[in-house]
Amino acid sequence: TYILLFIFIALIVIAYFLTTERGEKTTTYKIESKFFTVDSALVDKLEFEMKGKKYVFAKEGVEWKIKEPVDYPANLQSITSVLHDLKNYKLESKVSDNPENKVRYGFHDTTVLKISVYQAGNFIGSFLMGGSAGGRTPQAYIKKLEGNDIYIADGMDYFNFIKFDWKEWMDKLICAIPKTSIKEIEFISKDETFKVISDT
């Protein structure tokens with residue numbers, strides 16, 4: 001009888017520790033892969049807003065142009081990098097939902113970038129980009145316009161979107177001539193003129 005009573009009490013103690021919730025609770029949640037889906041071939045307009053300034057890029061035919069603050073051809077390589085990231089990034093994890101952490105992750109009035117995407121003439125979505133998240137692959141902190149949830153976007157290179165001088169978005173190429181087609185170059189200055197001619 002004593003042995004059975006001892007076993008019974010031991011089972012009660014074990015059941016208590018197995019069923020009682022103690023300490024911090026872990027919450028499991030599932031996050032979406034991205035805020036909205038982008039088809040880079042159909043994107044025809046991008047709007048960036050930062051520090052109260054607006055930068056607009058629009059596709060005209062097969063070429064991309066800066067429309068604001070000036071009307072000028074855009075650097076195609078820079079636009080292509082942005083479109084690649086918008087299409088291929090993935091939300092890796094949520095890092096914070098505390099509004100007090102916004103500045104810590106780059107969502108300050110002077111550093112946050114608002115990105116708006118238009119596809120086939122229609123607005124498809126906006127989000128905010130904070131700072132670079134570092135990591136072995138390009139990553140950035142992003143969040144929706146509403147709410148406090150901040151995520152790590154894997155495959156989104158912060159420096160593809162942030163230019164410290166907006167003129168870096170401009171296409172600075174004057175002309176492109178295939179090397180093999182050049183047969184003669186003429187130099188003309190005030191004092192002399194001479195030619196460089198391709199030989200066989």
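With which residue does Glu49 form a salt bridge? Glu49 pairs with Lys114, and the closest N and O atoms of the two side chains are 4.0 Å apart; a salt bridge is taken as a side-chain nitrogen of Lys or Arg within 4 Å of a carboxyl oxygen of Asp or Glu. The pair links distant parts of the chain, since Glu49 belongs to strand E1 (residues 43-50) and Lys114 to strand E6 (residues 113-119), 65 residues apart. Helices (H or I, at least four residues) and strands (E, at least two) are DSSP runs numbered from the N terminus. The structure is a predicted model, in which local features need pLDDT of at least 70 and side-chain atom pairs count only at pLDDT 80 or more, while totals for chains, interfaces and linings use all residues. Residues are numbered from 1 along each chain as its sequence is written, and side-chain values use heavy atoms, with hydrogens and water left out.

A search of the whole structure finds 9 salt bridges. Accessibility was classed as buried under 20% relative accessible area, exposed over 50% and partly exposed in between, with a 1.4 Å probe and protein chains only. Glu49 is partly exposed because its relative accessible area is 30%, and Lys114 falls in that class with 28%. Lys54 bridges to Glu47, with the closest N and O atoms 3.7 Å apart. Lys54 counts as partly exposed because its relative accessibility is 36%, whereas Glu47, at 8%, counts as buried. A further bridge joins the side chains of Lys195 and Glu184 at 3.5 Å, N to O. This pair also links distant parts of the chain, with Lys195 in strand E11 (residues 193-197) and Glu184 in strand E10 (residues 184-188), 11 residues apart. Lys195 is partly exposed at 47% relative accessible area, as is Glu184 at 43%.

Asp85, in helix H2 (residues 76-88), is buried yet has no salt bridge, and the nearest side chain of opposite charge, that of Lys163, is 9.5 Å away. Beyond residues up to four places away in sequence, Asp85 touches Gly155, Met156, Asp157, Asn160 and Phe161, contact meaning heavy atoms within 4.5 Å. Lys143 is located in strand E8 (residues 139-143) and counts as buried because its relative accessibility is 3%. The C-alpha atoms of Lys143 and Lys94, 49 residues apart along the chain, are separated by 9.5 Å.

The largest nonpolar core has 33 residues, and those with the most contacts inside it are Leu46 and Phe48. Such a core is a set of buried Ala, Val, Leu, Ile, Met, Phe, Trp, Tyr and Cys residues joined through side-chain atoms within 4.5 Å. A second, separate core of 8 residues includes Val112, Leu128, Tyr141 and Ile152. The contacts of Phe48, apart from residues up to four places away in sequence, include Val82, Leu113, Ile115, Phe161 and Trp169.

Aromatic pairs number 12 in a search of the whole structure. Rings of Phe, Tyr and Trp (its six-membered ring) pair if their centres lie within 6.5 Å, and planes under 30 degrees apart count as stacked, over 60 as edge-to-face and the rest as tilted. One aromatic cluster is formed by Phe35, Phe36, Tyr89, Phe127 and Tyr151. The charged end of Lys34 sits over the ring of Tyr89, 5.2 Å from its centre, and Lys45 lies over the face of Tyr118, at 4.7 Å from the ring centre. A charge sits over a ring if NZ of Lys or CZ of Arg is within 6 Å of the ring centre and within 35 degrees of the ring normal.

Backbone geometry was also examined. Most residues other than glycine have a negative phi, and most peptide bonds are trans. The peptide bond from Glu68 to Pro69 is cis, with omega near 5 degrees, and Pro69 lies in the loop between strand E3 (63-68) and strand E4 (72-73). Lys51, although not a glycine, has a positive phi of about 55 degrees. Lys51 is placed in the loop between E1 and strand E2 (53-60) and counts as exposed because its relative accessibility is 59%. Ala120, likewise not a glycine, has a positive phi of about 55 degrees and is found in the loop between E6 and strand E7 (122-132).

Key:
Lys and Arg count as positive and Asp and Glu as negative; His and the chain ends are not counted.
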